[in-house]
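Please look through the structure below slowly, one region at a time, and keep the sequence at hand while you read the explanation that follows.

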Amino acid sequence: QVQLVESGGGLVQPGGSLRLSCAASGNILSIYSMGWYRQAPGKQRELVATITSGGNINYADSVKGRFTISRDNAKNTVYLQMNSLQPEDTAVYYCNADIRKKSDRYRSEYWGQGTQVTVSS
């Protein structure tokens, strides 16, 4: 089994910062891309940022210059540093990873359970 466990969400005032973490564990052979998505009430889930095992990064235009994604391959962990948060960043944030298990020939996509981020005064 593979698990993605997120942490770091919460309530923050506009202009504030939060750091999300997501640790992958289980029967893992390799982790390819890792990333963060978010879903606000009444909206579709959208990409926030992704990072490959080689360090290539992609951001949604709405978070460029404010959010920073990083990963620690030794810890199978991806981070999302969120600065200058605005009310429109309020959403459930989901961790995503492309993983090949030791028991599998192919990789599969996995999701975390989600962590709530609320930006409000």
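Y37 counts as buried, at 19% relative accessibility, where buried means under 20% relative accessible area, exposed means over 50%, and partly exposed lies in between (1.4 Å probe, protein chains only). By that scale W111, at 34% relative accessibility, counts as partly exposed. Before going further, note that this is a predicted model, in which local features need pLDDT of at least 70 and side-chain atom pairs count only at pLDDT 80 or more, while totals for chains, interfaces and linings use all residues. Residues are numbered from 1 along each chain as its sequence is written, and side-chain values use heavy atoms, with hydrogens and water left out.

The structure holds 1 aromatic pair, and for such pairs the rings of Phe, Tyr and Trp (its six-membered ring) must have their centres within 6.5 Å, with planes under 30 degrees apart counted as stacked, over 60 as edge-to-face and the rest as tilted. The ring centres of Y37 and W111 are 5.1 Å apart and their planes stand at 65°, so this pair is edge-to-face. Because Y37 lies in strand β4 and W111 in strand β10, the pair ties together parts that are 74 residues apart in sequence. Strands here are DSSP runs (E, at least two residues), as helices are runs of H or I of at least four residues, and they are numbered from the N terminus.

Strand β10 (residues 107–111) also leads us to its neighbour, since 5 bridges join β9 to β10 and the two run antiparallel; two strands pair if DSSP finds at least two bridges between them. Strands of a sheet pair through backbone hydrogen bonds, either parallel or antiparallel. A hairpin joins β9 to β10 through 5 residues, and within this pairing D98 stands opposite E109 in β10. D98 also forms a salt bridge with R107, the closest N and O atoms being 3.2 Å apart, where a salt bridge is a side-chain nitrogen of Lys or Arg within 4 Å of a carboxyl oxygen of Asp or Glu. D98 is buried, with a relative accessible area of 18%, whereas R107 is partly exposed, with a relative accessible area of 47%.

How many salt bridges does the structure hold? There are 5 salt bridges in the structure, and side chains of opposite charge can pair in this way when their charged atoms come close. The side chains of D89 and R38 meet in one of them, at 3.0 Å from N to O. This pair links distant parts of the chain, with D89 in the loop between β8 (77–82) and β9 (91–101) and R38 in strand β4 (residues 28–39), 51 residues apart. D89 and R38 are both buried. The side chain of D89 also meets that of R66 in a salt bridge, at 2.7 Å from N to O. R66 lies in the loop between β6 (57–59) and β7 (67–72) and D89 in the loop between β8 and β9, so the pair ties together parts that are 23 residues apart in sequence. Both residues of this second pair, D89 and R66, are buried.

A covalent link comes next. A search of the whole structure finds 1 disulfide, which is defined as a pair of cysteine sulfur atoms within 2.5 Å. C22 and C95 form this disulfide, with their sulfur atoms 2.0 Å apart, and the link is left-handed, with -80° about the S-S bond. C22 lies in strand β3 and C95 in strand β9, so the pair ties together parts that are 73 residues apart in sequence. Both C22 and C95 are buried.

Strand β3 (residues 18–26) is also the place of S21, a residue that is buried, with a relative accessible area of 18%. Leaving aside residues up to four places away in sequence, S21 touches V5, E6, S7, W36, V78 and Y79, contact meaning heavy atoms within 4.5 Å. In the sheet, 4 strands form an open arrangement in the order β1-β3-β8-β7, and the pairing is antiparallel. β1 (2–7) and β7 stand at the edges, each with a single partner strand, so one side of each is left without a neighbour in the sheet. Between β3 and β8 the antiparallel pairing runs over 6 bridges, and the bridge partner of A23 in β8 is T77.
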